[in-house]
Amino acid sequence: MKSRHSMRKKQRNKNIVINSLIAIVFALILIIGGNLLFNGSKTADEGDSNSKDNNIETNDDKDENADQKQETGNKDPDQQAKEQKSKQNEDEPNKQGSSDDNKTEQDKQNTDKKEKNAKKDKNKTEQGETGKPIGTSQSGPHTSSYDKGTVDWNEKVKAIQTATGLDDGMTIWRMENGGGPQKSIGKVSPNGVSDWMYIVQLQWVNQKGWKVTSVNKQSR
């Protein structure tokens, strides 16, 4: 009797455990299934919402493009041509302005170049030119002469004129020894000028004549 009662009790406990496990599994199935259904419904709603938003934006774009086409289509061809020409005319001043700027810059560069050349010419005139011996008709040992009208005197004058650009009307203030037997200094001014003069230094070169070594402008 006792053994049969014990077996029944064990069987009853076993059934309770099995039923409990079945209940737990069933509850888990319900919970998981409910979550899947809820998430699927939420995703579908979001998809519908995005689709509606996209459709609204697409419709707005279509309406805007339609308005632009309608506005363009309503314009008279002559009016469109006038507007295009007006736009071109507005752009032309900018191009012209750029061209004028380039022209102004080029003119400025040309002016600067001319001023530099003029300044160079002025300095060249004021300082005179030095160069090669002018040649000579004298032969043999050379003796510098300071007597007006002699061959050596005339060749000194010719060298000075060549260096300064003065003509026969120049005023010769003085012709003197330049610090050696073959050196001379001439002090001359253009005709009619008395407030300044050229100081011209000369060096004799054998068989080649007088050579100007320096020309300086100086007040009298």
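What follows is a chat about a predicted model.

Colleague: Before we start, what kind of model is this, and how are its residues numbered?
Modeller: It is a predicted model, in which local features need pLDDT of at least 70 and side-chain atom pairs count only at pLDDT 80 or more, while totals for chains, interfaces and linings use all residues. Residues are numbered from 1 along each chain as its sequence is written, and side-chain values use heavy atoms, with hydrogens and water left out.

Colleague: OK, salt bridges then. How many does a search of the whole structure find?
Modeller: The search finds 3 salt bridges, a salt bridge being a side-chain nitrogen of Lys or Arg within 4 Å of a carboxyl oxygen of Asp or Glu. One of them joins aspartate 152 to lysine 156, with the closest N and O atoms 2.3 Å apart.

Colleague: Where do aspartate 152 and lysine 156 sit in the helix?
Modeller: Both belong to helix H3 (residues 151-164), and because they are 4 residues apart there, about one helical turn separates them. Helices (H or I, at least four residues) and strands (E, at least two) are DSSP runs, numbered from the N terminus.

Colleague: And is lysine 156 buried or exposed?
Modeller: Lysine 156 is buried, at a relative accessible area of 0%, and aspartate 152 is buried as well, at 3%. Buried means under 20% relative accessible area, exposed means over 50%, and partly exposed lies in between (1.4 Å probe, protein chains only).

Colleague: What else does the charged end of lysine 156 do?
Modeller: That charged end sits over the ring of tyrosine 146, 4.7 Å from the ring centre; the rule asks for NZ of Lys or CZ of Arg within 6 Å of the ring centre and within 35 degrees of the ring normal. Lysine 156 and glycine 209 are also 8.8 Å apart in space, C-alpha to C-alpha, although 53 residues separate them in sequence. Glycine 209 is in strand S4 and counts as buried at 0% relative accessibility.

Colleague: Back to salt bridges: which residues are linked in a network?
Modeller: The network links Arg174, Glu176 and Lys187. Arginine 174 bridges to glutamate 176 with the closest N and O atoms 3.6 Å apart, and glutamate 176 also meets lysine 187 at 3.6 Å, N to O. Glutamate 176 lies in strand S1 and lysine 187 in strand S2, so this pair ties together parts that are 11 residues apart in sequence. Arginine 174 is partly exposed at 45%, glutamate 176 is partly exposed at 25% relative accessibility, and lysine 187 counts as buried at 19%.

Colleague: How do S1 and S2 pair?
Modeller: Strand S1 (residues 171-177) and S2 pair in the antiparallel sense over 6 bridges, where pairing requires that DSSP finds at least two bridges between the strands. Methionine 175, for example, has glycine 186 in S2 as its bridge partner. The two strands form a hairpin with 5 residues between them, and glycine 179 in the turn has a positive phi of about 110 degrees.

Colleague: What about the other partner of S2, S3?
Modeller: S2 and S3 run antiparallel and are joined by 6 bridges, with lysine 183 partnered by glutamine 203 in S3. Their hairpin has 6 residues between the strands, and glycine 192 takes a positive phi near 90 degrees there. Strand S2 (residues 183-189) is mostly covered, with 6 of its 7 residues buried.
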